[in-house]
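Subject: Handover of a structure and notes on its contents

Dear colleague,

Please find below the structure that I am handing over to you. My notes on it follow.

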Amino acid sequence: MYYLGLDIGSSSIKAALVDMATGKSVGVVQEPETEMGMLAVKNGWAEQHPDDWWKHVCAAISKLETNYNIPKSEIKGIGISYQMHGLVLVDKNGNALRPSIIWCDSRAVEIGNSAFEEIGEEKCNGHLLNSPSNFTASKLKWVKDNEPEIYKLVYKFMLPGDYIAYRLSNEMTTTIPGLSEGIFWDFKNDEIADFLLDHYGIEKSMVPDIVETFGLQCSVSAEGEKESGIAAGTPIYYRAGDQPNNALSLNVFNPGEVAGTGGTSGVFYAVTDSLSVKESSRVNNFAHVNYKKGASPRIGKLLCINGAGIQYRWILNNLDVESYAEMNDLASEIPVGSDGVCMIPFGNGAERMLNNKEVGSRLVNINFNNHGKGHICRAALEGIAFSFVYGMEILKSDGIKINVLRVGNDNLFRSEIFSNTIATLLEQDIEIYNTTGAIGAARAAGLHDSDFEKFGSYIMENDYVKTFKPDKDKSSYVEAYQNWKEELKLIINK
């Protein structure tokens, strides 16, 4: 018997099967095999049609069942992970009224900033733990202001995972963590943020019914079976946004535990029981997957670094090298600190952790007689690693303590230089696990029994790869990091 995990990304849909008895991954597939497109009608806009996600979900399920010869009767539960902050609007018949305004769309920035100012920083921070910013609530307000003919037809708003659960079950539901990521949740009063809805003029009736993050949320309907191939009656037991789900996939649930990702962008996601918002202008705060009303809070502090792996990929494409492996080999021949060569990686737009400044990327201190490709490769890896350390300093200033740091086995953390640099400067082991969001979502379907110990054992027993430990002598790393920070300071204060 198996659990099915669905990961609704903006690049692709992934589906995974795990064995219910052992938690072992049976297989993972992706649809489409090439990257999904985005509609950008104007600069800064990004949209995808929810029906396209559904089409690819159905194709992925079919491929999974065919590739691994799994009859639908043997799938006993479903978990869903999804791209955060997207807005899906449906009418009374459940039809999507317009393409989804997804996470990287920036059209609602000024709406959120104005709300932050008008409602007041103290109230937003104390109740929402964030500025309304460019999140889902502000995107809904944008539709109200700019597309009134669509807004008047809206029956419910949903997040991307809510929509896929709806298409499977014909039930419109959401979760507290989902509402919090859209900035619809009042943490102080543990209820829907009526004051924000009132400020935006949004009807509370548009909020779907709230279900628990873990437990029977809804079940596959007859129509859902017809379209997806999953047997009617199959329970949907879990859904969460991709970053909280990534933390779950790495068994990160408790204060002191931190999850990291090192892909195109970089993320530290730290769990805390504190409602501190000291760094709310640079860090986002959301209800973690194990947040419960009336209990000690479980908050996920999310720090995002836009300019991370995208820089290393840019170098690969422009430095006349064959592969990341070659770049890593070149970098390994250069000592810590890259002989003074320094690279600032922030060339992927504005950086929230730098107070939304767009500082760009910089390569400095090149000597034409002494430096070559290896110095550039090492400086690039170190610069991205330093940005992670800089981000962790921000999290620590907001009360985060690290007892455990776990990361996925993705491109950047595979690099010994990259991981050793972070481990040494943070004086913290980095545990590497070979898992994915879809596998995590599938396993999380089993948490309807609340056996977190068993869930954690699946990850430790099946996914562990290795641990990077801090170097005993950190002096050269500290010197290189201080040099990097001085260069960054010059740019920020320019």
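In which loop is the place of S106? S106 is found in the loop between β7 (100–101) and α2 (109–119); helices (H or I, at least four residues) and strands (E, at least two) are DSSP runs, numbered from the N terminus.

Two remarks on the basis of these notes come before the rest. The model is predicted, so that local features need pLDDT of at least 70 and side-chain atom pairs count only at pLDDT 80 or more, while totals for chains, interfaces and linings use all residues. Residues are numbered from 1 along each chain as its sequence is written, and side-chain values use heavy atoms, with hydrogens and water left out.

Surroundings of S106

With a relative accessible area of 35%, S106 is partly exposed. Here buried means under 20% relative accessible area, exposed means over 50%, and partly exposed is in between (1.4 Å probe, protein chains only). Not counting residues up to four places away in sequence, S106 touches G44 and N134; contact means heavy atoms within 4.5 Å. S73 is 33 residues from S106 along the chain, and the C-alpha atoms of the two are separated by 43 Å.

Aromatic pairs and charges over rings

The structure holds 20 aromatic pairs. Rings of Phe, Tyr and Trp (its six-membered ring) pair if their centres lie within 6.5 Å; planes under 30 degrees apart count as stacked, over 60 as edge-to-face and the rest as tilted. One of the pairs is formed by F253 and F452, which are edge-to-face at 5.0 Å centre to centre, with 85° between the planes. Because F253 lies in the loop between α10 (242–249) and β15 (257–262) and F452 in helix α17 (residues 452–463), this pair ties together parts that are 199 residues apart in sequence. F253 counts as buried at 5% relative accessibility, whereas F452 is partly exposed with a relative accessible area of 30%. Both residues also belong to a cluster in which ring pairs link F214, Y238, F253, F452 and F455.

A further pair is that of F346 and W484: the ring centres are 6.2 Å apart and the planes are at 65°, so the pair is edge-to-face. F346 in strand β19 (residues 342–346) and W484 in helix α18 (residues 475–492) are 138 residues apart, and their pair links distant parts of the chain. F346 counts as buried, at 0% relative accessibility, and W484 counts as buried at 0%.

Charged side chains also lie over rings. A charge sits over a ring if NZ of Lys or CZ of Arg is within 6 Å of the ring centre and within 35 degrees of the ring normal. The charged end of R107 is placed over the ring of W45, 3.7 Å from its centre, and K156 lies over the face of Y155, at 5.1 Å from the ring centre.

Helices

Helix α15 (residues 416–426) packs against α18 at an angle of about 95°, with the axes 10 Å apart. Axes are lines fitted to C-alpha atoms, for helices over the stretch in contact, and angles run from 0 to 180 degrees between N-to-C directions. α15 is therefore roughly perpendicular to α18, a term for angles of 65 to 115 degrees (under 35 is roughly parallel, over 145 roughly antiparallel and the rest oblique). In this contact, N420, T421, T424 and L425 of α15 meet Y477, V478 and Y481 of α18.

Helix α4 (residues 136–146) is largely enclosed by the rest of the structure, because eight of its 11 residues are buried. Among the buried residues of α4 are T136, K139, K141 and W142.

Loops and backbone

T213 has its place in the loop between β12 (209–210) and β13 (214–219) and is buried, with a relative accessible area of 6%. Leaving aside neighbours within four places in sequence, T213 is in contact with T175, P177, Y237, Y238, R239 and V289.

E31 and P32 are joined by a cis peptide bond, with omega about -15°; P32 lies in the loop between β3 (25–31) and β4 (47–48). L129, a residue other than glycine, has a positive phi near 65°. L129 is in the loop between α3 (121–128) and α4 and is buried, with a relative accessible area of 1%. N355 likewise has a positive phi, near 60°. N355 lies in the loop between β19 and β20 (360–364) and is partly exposed at 46% relative accessible area.

Yours sincerely
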